[in-house]
Amino acid sequence: QVQLVESGGGLVQAGGSLRLSCAASGSISRFNAGWYRQAPGKQRELVAALLRGGTTNYADSVKGRFTISRDNAKSMVYLQMNSLKPEDTAVYYCNANWLYGDYWGQGTQVTVSS
């Protein structure tokens, strides 16, 4: 079992930046990691993924603005969000998965005002 705890959400004006952090309770070096978001009335969607081998994948809506990274030594996953837009407003969830499990954090709210 791995527990994930997100932090770094908040209220920011459009054009601003936030950095989300995800702390894992154990080693995630063998895991794929990702950030998802869910806006009110919408389905949860993938924002960014960072596979164990280093490959990244981004939703088209955030390409060029968001960057996912990880520090396996610290069991941390990050999401740097720049040039934020009101449509980025959502609850952001950290995910870590591997062959033997799929784990989620409790989410952190990001609100972007226009």
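W98 is partly exposed, with a relative accessible area of 27%, where buried means under 20%, exposed over 50% and partly exposed in between (1.4 Å probe, protein chains only). This is a predicted model, in which local features need pLDDT of at least 70 and side-chain atom pairs count only at pLDDT 80 or more, while totals for chains, interfaces and linings use all residues. Residues are numbered from 1 along each chain as its sequence is written, and side-chain values use heavy atoms, with hydrogens and water left out.

**Aromatic rings**
- The structure holds four aromatic pairs, counted when ring centres of Phe, Tyr or Trp (its six-membered ring) lie within 6.5 Å, with planes under 30 degrees apart called stacked, over 60 edge-to-face and the rest tilted.
- The pair of F31 and W98 is stacked, because the ring centres are 5.1 Å apart and the planes stand at 25 degrees.

**Disulfide**
- C22 and C94 form a disulfide with their sulfur atoms 2.1 Å apart, the cut-off being within 2.5 Å.
- The link of C22 and C94 is left-handed, with -85 degrees about the S-S bond, and both cysteines are buried.

**F66**
- F66 counts as buried, at 3% relative accessibility.
- Leaving aside residues up to four places away in sequence, F66 touches residues including R37, V47, Y58 and Y92, where contact means heavy atoms within 4.5 Å.
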